[in-house]
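Dear colleague,

Please find the sequence and structure below.

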Amino acid sequence: MDRLQCMRVLVKVAETASFAQAARQLHMSPPAVTRAIAFLEQATGARLFVRSTRSVKLTPSGSRYADDCRRILSDIDEAEASAGGSHSTASGMLTITAPVLFGQIYIVPIMTDFLSMHPAVTGRVLLFDRMVNLVEEGIDVAIRIGHLQDSDQQAIKVGSVRRVVCGAPAYFKRHGEPATPADLAQHVTIVNTGSSAPLDWHFSPNHTPVKLHPRMYCNTVDASIAAAVTGWGLSRTLSYQVAEHLAAGRLRIVLEDYEEEPLPIHVVHVEGRHVSAKTRAFVDVAVRKIKALRL
């Protein structure tokens, strides 16, 4: 069987979660769709879908394979467009990644605006609070917060964010405000244990890390912020993560004079490989819009 066509069938079944719906959209018979998936399962030696009378779901192996199929099909579309002289038009699958909250607040709106401007592009947004390998995971563009290691990737600095200690007015009314980082030992603290969050609270180079005695550990930023908003304790986050609460007066920053240097934000893509029109176009839009943000 035509392996590329089978890959297209698999992607469509994954999108629709239905063999019958995929058959209708691809103008194929349901048995032909079933044969295409069976061919891929035999070729890969893995079960790609879990099927029941009510649902069709990708297995973990099927999910990874479907992502690879999307990337392969997108690369083929771009190669054909380039050969046909239309490579200057943004088209195909565009995959971007960003930290979870930053992506939800800022990058998803940028992506939807971009897709509205480029109807031939399909977007895929992957939000992780961990470093991902762009090449291995088939990612076109990454938004990175923090200092970058040397690599073969092109990085454009678009802004910076601060690590801030904050609490609710109700908390400060009961416990007062810490005047120095050392005072935090006497305060109720909430520590975020997410993959990119340091457990020790570091401040400016003239101050040693503070030995905390946290009363609460949260594995997500949202949870630690929610606890701080109730007035229960102090949390440390990135400034953009609490911007809405600060503007509304639900939280207030303390110890500003002792903060570390701000963390840079970069838009990153792989340097040295042929950069597609969709990637160039998205990078241009993302750089312009992120630079305009008040973070």
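Two strands are taken to pair if DSSP finds at least two bridges between them; helices (H or I, at least four residues) and strands (E, at least two) are DSSP runs, numbered from the N terminus. The model is predicted, so local features need pLDDT of at least 70 and side-chain atom pairs count only at pLDDT 80 or more, while totals for chains, interfaces and linings use all residues. Residues are numbered from 1 along each chain as its sequence is written, and side-chain values use heavy atoms, with hydrogens and water left out.

Strand 3 (residues 92-98) runs parallel to strand 5 (residues 141-145), with two bridges between them; T97 has A142 of strand 5 as its bridge partner. Both belong to an open sheet of five strands with mixed pairing, in the order 4-3-5-12-6. Strand 4 (121-127) and strand 6 (153-161) are at the edges and have a single partner strand each, so one side of each is left without a neighbour in the sheet. From one strand to the next, the twist averages 20 degrees. Axes here are lines fitted to C-alpha atoms, for helices over the stretch in contact (heavy atoms within 4.5 Å), and angles run from 0 to 180 degrees between N-to-C directions. Helix 5 (residues 100-117) lies across strands 3, 4, 5 and 12 (263-270), at about 180 degrees to strand 4.

Yours sincerely
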